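Please work through each task before reading its solution.

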Amino acid sequence: KPIVEYMDNSLTEEQTEQLFTHIYEAVSATEENEDNFELEILEDGIFKYAVIAGGAAIAGCSSQETSIVIPDKIGGYPVTELLFGSFTDCFASEITFPDTLKTVKEGAFYGCQYIHDIVLPQSVTEVEGYVFGNCPSLVSVDLGGAEHIGEKVFEECPKLEKIVIPGNCKTIDGDEPFITYNTLKEISVSDGDGNYSSQDGVLYNKEKTVLIAYPASKEGTSFTVPASVKTIEQSAFAYANFLETVDLSSVEEIKDCAFEKCSMLKKVKMSKELVSIGVDAFFNCKELKSMRFYDKVENFGEYAVGYCYNETADDENGETTDALVLGFKIYADKNSVAYDYAKANKIITVTDTVEIKGHNVSKPFLIVCGALFAALIIAVIIVISVKNHKKKAADGKIKPKKKPSEKEEKGEKTE
C-alpha cells in the first residue's frame, strides 16, 4: 500500500499541496526514492512501518498520547528511519527516539501540530529538508549527530527559539538555511570536527571567517562582528528584530540580502577593507539614514543600500515597488565605486569628509581647526615662556645688567 494512504485529513489543502511538492521533488531525484511509494506497509501497535535494508522505517504513528517513546525495534527490526509524513498525524508534544535511528527523511514531521521539543540521538547521521516544516508549536530542536542537514528544515515554525547543530555536521543545504525564523534566539554548535561553529548564539563556519546566520530575535541592540570574520553570508542578518547598530570593521564581503529588512537598524560601521557588497544587502532598512564607504569597494550590487519597499506601489500597472529611503546619504570619496553608485541612483552624496568617533567631519573644517589649534599651541608656549622669564627675574635668579659709568662709556680705566 502507498505510504500516503496512511495520512489523515488534518492538513489544509495548501499544506497538503506543499508537503507533496516537497516529497515529489525529493523522491523524483533517484529511482531508489521513487520506489518508496510502493513499499509494503506493516503495522505494530501504534506504528506503521516498512522494512528497508533490514531496518524498520516508520511510516506513520496513530498514538494520541502527549508523550511517545519509540522502541529500539518494531516488528523485530531495528528502527533506522523516519519516512515522509511519519509523524504528521501525531498528537505528542514530546517524542523519545532510539539510538538505532540513522536517517530522518524529508517531511517526516511536516504539519505535526503539537510537537514542542525535539532531541534526536547521536546515532542520526542525516536530517533531510523540510523535516519540521509547519510545526506551529515547535520551540527547540537538537539535531543529534547529523552530518548532513537538508534545506529549510524548519520552514514555517512560528515559535522556534533554539537550534542545536551537531559539532560533526559537514553540510547544511541552501543559501539561506535559517531565514524567516522570526522568533529564533540562539543557534549553537556542539563540540566536534565538523565545518561549523557558534559564538554567543550566532552561527559561523569552523574558522569563524564567515558569519552564516544571526538569529532574528537574538537579544541585544548592538553587535560587533569578530575580527576574524571576512564574509557576511547571504541573508545572514535578514529580518533581525532588535539590531540597531552593527560593527563590520573586519568584513571584506557582504553577500546578497545580508541585512534585508532589519527594521530597527540605524547605524553601520563599514570596513575600510570592504571589497564587495551584494544585491539588496541593506534593502528595506528604513531607519538606516547614512553609510560610509571607502575606496577599496569594487562591486556594488543593485539596490544594495538606500532602498526600501514601496507598499503603496501599484505593481500590477507597472509601478516600481523599489523606492529610495527618505533622506538617505552616502559618504564617499569622489570617483569611487560607492560615489558612482550614489550618483547613478540619485542618492545624496557627501564627499571630502572623514569619520571621527562615529561622526562625519568635513576635511576643510579639520584643516582650519588644525591651523587654529597649532596657532593656539604656539601662543600658549609664548605666554608660558614669558611668565617663566618674569618669575625667574622676581626670584633673583636673573640679575639685571649694571648700568656702565660715564668713564666706562668713554673707555677710561677705573681704579
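**Exercise 1: Confidence**

The mean pLDDT (the predictor's confidence in each residue, from 0 to 100) of the chain is 86, and 80% of its residues reach 70 or more. In this predicted model, local features need pLDDT of at least 70, side-chain atom pairs count only at pLDDT 80 or more, and totals for chains, interfaces and linings use all residues. Residues are numbered from 1 along each chain as its sequence is written, and side-chain values use heavy atoms, leaving out hydrogens and water.

Task: state how many contacts residues 1–8 have beyond near neighbours in sequence.

Solution. The pLDDT of residues 1–8 is below 50. Where pLDDT is low, predicted coordinates should not be read in detail.

**Exercise 2: Core**

Task: identify the residues with the most contacts inside the largest nonpolar core.

Solution. Such a core joins buried (under 20% relative accessible area, 1.4 Å probe, protein chains only) Ala, Val, Leu, Ile, Met, Phe, Trp, Tyr and Cys residues through side-chain atoms within 4.5 Å. The largest has 51 residues, and those with the most contacts inside it are Ile95, Phe109, Phe132, Leu138, Phe154, Ile165 and Phe178. A second, separate core of 46 residues includes Val229 and Met291. Beyond four places in sequence, the contacts of Ile165 include Phe178 and Leu203.

**Exercise 3: Lining**

Task: which residues lie nearest the centre of the largest cavity?

Solution. Of the 19 lining residues, Phe178, Ile179, Ala213, Ser235 and Ala236 lie nearest the centre.

Methods. 1 Å grid on protein atoms, 1.4 Å probe; cavity = no way out; pocket = protein on both sides within 12 Å on 5 of 7 lines; lining within 4 Å. Buried < 20%, exposed > 50% of the residue type's maximum accessible area, 1.4 Å probe, protein only. Contact = heavy atoms within 4.5 Å.
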